[in-house]
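Please find below a colleague's note on the structure shown here.

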Amino acid sequence: MSEPRLALPTHHTPLAADDLSDVLGTQSTADFITGSLDIMDSQSMEGIRPERAWDYAYYAVHLHSRRLAEAPDAHTRAQLHLSLATRLARIGRHQEAVAFSTEAVARHRHLDLDPADLSGTMDLTDALAELARNLAGAGRGVEAVVASAEAVARWRAHAVPPLTNGLVAQSLAVHGALLWGIGHRDEAARTAEEATGLYRSHVDGVLADAKPGKWVSRVRFAAALSALATMLHASGREQQALEAAEEAVDVLRRLPPMILAQHRDDYAHALVVLGRGLLHARRVAEALAPAREAVEIHRRLAATTPDVHEPHLAAALLVLTECLDDPREALAPAEEALGMFRRLAAARPADFTSALADARDLVRLRTEQAEQARTPQPPAPPPPLDAEAVLLATGEHPATGPFEQRVAHLVGLWDADGRTNQWLATGTAFFILNCWSMAPSRRRSPQLASLALRDYVAACRTVAGGDRGWDAVLRQHADCPGCGQSWQLENLQVCTGCSRYTCYECQGVDHRGEFCEVVG
């Protein structure tokens, strides 16, 4: 089989001679650097400066290429192709990763001659899954789904529950994400739900095992939950989406600190998904903390590997923007995200044009809101007057004078406006007005001698339905604030000063205001 060509990088700064320690010729040092790639994404290598970590990554790729040429047997060569593809993908060289993972699949197909050999099937399935991920990274989504579908089918055919639950779940999670990427959303969500179910049973089975390698299952479980949360939200299942996002963050936070540090990118992504879920649930204040934490983590990661982590930082900044109440404070992260998406869309338009449009819309909105916040706003116009606003008194708007004065003011407004129905009293205002006008002490009142006032009261009664309408009003119920009992209005009195009803047994109680007078 022909070997894929590997172009060694020339744009990365070489490691210093004392750092190398004859690395290319020392097997133990080569193994150390190669193994260190498992935590390279989080730049958490003990004793290695973050800004140098990716130089080590490139040298590890070089070491793998050398060891590939020296591999003694076919199986080792196939596995080295697969391992080299994984490391190439981690440093963003997806096209080369596709070439080496394709070669790994071909070599494992040649070796996988015995259907009963589970180890051979596992090697081939791992190679197919890696090929699927690399094809997706190279923008070849449909081909990626084909490869991942074969991996899932092989796992289903050779599954040995519960031993293989974690491996089957991993394969399903990858397949679900790839289906989502090509628009097969319903099938993707079903696949993701199956994956999280298998992961949950697998993780429950290894919780008591504290070996570092076992923690990876929990990290993958959390990643599957975050992916499922995104899918559920898009399907309108908001509460289930939020529950999945919260569980993902909880699973990661229960990891030992050293393990969590090695998977900070997974943790930051889970925080972003949780922040979005809380925003959709209108729990904005709760969304702010995970959004800030995600931005801080992604910013540290992007400082060392911008090609890998800048898209995630930009997405986290947009979530943070939506969490901030002050539009002037929110504008800065929105503009920063917009700048990042402009660069990303210029290099990869198919992947980032939509995100760029979203960022532009958010910046435009926040800019308008910030301008409004800086511009003094004119006072809100007073609410339009009507009969209730003039006659009734409340805690917020107490009576401004005796009831007679308020009635006279209202009649003047009605008369000046051409006696339109807008100013006629209805509801409680009509009940108070009619009770007041019918009180024996008011029949000889100079206010009622006014022709306009008599016309106004008559017009209110006509609109209310005349005598029948008044009888209907009297049969309505209201509570007495003194005793708390409900009475028909015909058994209640009302105060012209505070507009509260009072039954006859509670007469005079709590009606001691300057303009209080009980009528009815």
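This is a predicted model: local features need pLDDT of at least 70, side-chain atom pairs count only at pLDDT 80 or more; totals for chains, interfaces and linings use all residues.

1. Three strands make up an open sheet, arranged in the order β4-β3-β5 with antiparallel pairing. The edge positions are taken by β4 (501-503) and β5 (518-519); each of these has a single partner strand, so one side of each lacks a neighbour in the sheet. In general terms, the strands of a sheet pair through backbone hydrogen bonds, in either a parallel or an antiparallel manner.

2. The pairing of β3 with β5. Strand β3 comprises residues 492-495, and two bridges connect it to β5 in the antiparallel sense. Within this part of the sheet, cysteine 495 is found opposite valine 518 of β5.

3. The helix on the sheet. Which strands does helix α20 touch? Helix α20, spanning residues 427-438, packs on the sheet and is in contact with β3, β4 and β5. The direction of α20 makes about 95° with that of β3.

4. Serine 437. This residue belongs to helix α20, the helix that packs on the sheet. Is serine 437 buried or exposed? Its relative accessibility is 8%, and serine 437 therefore counts as buried, the cut-off being under 20%. Two contacts of its side chain deserve mention. The serine 437 side chain reaches the backbone oxygen of asparagine 434 at 2.9 Å. The side chains of serine 437 and arginine 461 are also joined, by a polar contact of 3.3 Å.

5. The pair α19 and α22. Helix α19 (residues 403-416) packs against helix α22 (residues 451-464) at an angle of about 85°, and the axes are 10 Å apart. The two helices are thus roughly perpendicular. On the α19 side the contact is formed by Val407, Leu410, Val411 and Trp414, which meet Ala452, Leu453, Asp455, Tyr456 and Ala459 of α22. Sorted by class, this contact holds eight nonpolar residues, one charged residue and no polar residues.

6. Arginine 218. Helix α10, covering residues 215-234, contains arginine 218. The relative accessible area of arginine 218 is 6%, and the residue is therefore buried. How far apart in space are arginine 218 and alanine 248? From C-alpha to C-alpha the separation is 9.2 Å, whereas in sequence arginine 218 and alanine 248 are 30 residues apart.

Definitions and conventions. Residues are numbered from 1 along each chain as its sequence is written. Side-chain values use heavy atoms; hydrogens and water are left out. Two strands pair if DSSP finds at least two bridges between them. Helices (H or I, at least four residues) and strands (E, at least two) are DSSP runs, numbered from the N terminus. Contact means heavy atoms within 4.5 Å. Axes are lines fitted to C-alpha atoms, for helices over the stretch in contact, and angles run from 0 to 180 degrees between N-to-C directions. Buried means under 20% relative accessible area, exposed over 50%, partly exposed in between (1.4 Å probe, protein chains only). A polar contact is a pair of N or O atoms within 3.5 Å; within protein, one must be able to donate a hydrogen and the other to accept it, and residues adjacent in sequence count only if both atoms are side-chain atoms. Angles under 35 degrees count as roughly parallel, over 145 as roughly antiparallel, 65 to 115 as roughly perpendicular and the rest as oblique. Ala, Val, Leu, Ile, Met, Phe, Trp, Tyr, Cys and Pro count as nonpolar, Asp, Glu, Lys and Arg as charged, and the others, Gly among them, as polar.
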